[in-house]
Amino acid sequence: MSLSKAQQKAIEFGDGPALVLAGPGSGKTTVITRRVLHMTRDLGIDPGSILVITFTKAAAVEMEERFRKLGGSGRVNFGTFHAVFFKILKYAYNYTASNIIREEDAYSLLLQMVREKVTEIGDENELVSNIRSEISFVKSERADLSSYYSVNCPEETFREIYREYNNKLESRHLLDFD
């Protein structure tokens, strides 16, 4: 496969991290795997200090396979965002998969709270799902809970559910993906 000038430039770029953004079928995987090979072989960079993050597990596996087929060796870290961040939690805080709450357990926990705190419930499943989404939004956006207004239940009720949910996770040494 012949490479374009931009691809070759990305492969040979050697001064710090690189972000490769391109559309489907444009050769991103080829560029990334050849760049990693160039870094380890030609620049003498320790493979263990290289981190390649992608969106899907399939893409991470494919990149690692291509790197190996090109003759690459060493412990380059190929992974998804979730896998890489889970490794960080594992090594920094000794978390295991059992420390991540399963979706059905989070749902059950929230269902119990909704039944205790919400007086008028139409579709229970929809309400719990919507509150879960709001909790996710507040956490992900790092929104100020005191000024967040729920669209699914009274503000103070949402705040109580939010706090209780997080307290229960913490007391059980659990995390959710947010």
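User: If contact means heavy atoms within 4.5 Å, which residues is I161 in contact with, leaving aside its neighbours within four places in sequence?

Analyst: I161 is in contact with L110, M113, V114, K117, V118, I131 and I135. This is a predicted model, where local features need pLDDT of at least 70 and side-chain atom pairs count only at pLDDT 80 or more, while totals for chains, interfaces and linings use all residues. Residues are numbered from 1 along each chain as its sequence is written, and side-chain values use heavy atoms, with hydrogens and water left out.

User: OK. Which residues touch the most other members in the largest nonpolar core?

Analyst: I131, I135, F158, I161 and Y165 do, in a core of 22 residues. Such a core is a set of buried Ala, Val, Leu, Ile, Met, Phe, Trp, Tyr and Cys residues joined through side-chain atoms within 4.5 Å. Buried is under 20% relative accessible area, exposed is over 50%, and partly exposed is in between (1.4 Å probe, protein chains only).

User: Which elements supply at least two residues each?

Analyst: Helices α5 (103-117), α6 (124-141) and α7 (155-171). Helices (H or I, at least four residues) and strands (E, at least two) are DSSP runs, numbered from the N terminus.

User: And which of them gives the most to this core?

Analyst: That is α5, with six residues.

User: Which residues belong to the second, separate core?

Analyst: Among them are I32, V36, M39 and I50, and this second core has 10 residues.

User: Changing topic. Where is G79?

Analyst: G79 is in strand β2, which covers residues 77-80.

User: Buried or exposed?

Analyst: G79 is buried, because its relative accessible area is 7%. Not counting residues up to four places away in sequence, G79 touches V52, I53, T54, A60 and V84. G79 and E64 are 15 residues apart in sequence, and their C-alpha atoms are 9.1 Å apart in space.

User: I53 is on that list. Where does I53 lie?

Analyst: I53 lies in strand β1. With 33% relative accessibility, I53 counts as partly exposed.

User: What about R75, where is that?

Analyst: R75 is in the loop between α3 (57-69) and β2. The relative accessible area of R75 is 52%, so R75 is exposed. Beyond residues up to four places away in sequence, R75 touches P47, G48 and K87. K5 is 70 residues from R75 along the chain, with 29 Å between their C-alpha atoms.

User: How many salt bridges does the structure hold?

Analyst: There are 13. A salt bridge is a side-chain nitrogen of Lys or Arg within 4 Å of a carboxyl oxygen of Asp or Glu. One of them pairs R66 with E62, with the closest N and O atoms 2.6 Å apart. R66 and E62 are both in helix α3, four residues apart, about one turn of the helix.

User: How far apart are the closest N and O atoms in the R132 and D178 bridge?

Analyst: They are 3.4 Å apart. R132 is in helix α6 and D178 is in the segment after α7, so the pair ties together parts that are 46 residues apart in sequence. R132 is buried, at 14% relative accessible area, whereas D178 is partly exposed, at 35%.

User: Which residue forms a salt bridge with R159?

Analyst: E156 does, with the closest N and O atoms 3.8 Å apart. R159 and E156 both lie in helix α7, three residues apart, about one turn of the helix.

User: Which residues do salt bridges that share partners join into one network?

Analyst: E103, R132, K139, D176 and D178.

User: Last one, D176. Where does it lie, and what does it touch?

Analyst: D176 lies in the segment after α7. D176 touches I101, R132, K139, Y165 and L169, not counting residues up to four places away in sequence. At 11% relative accessibility, D176 counts as buried.

Conventions:
Contact = heavy atoms within 4.5 Å.
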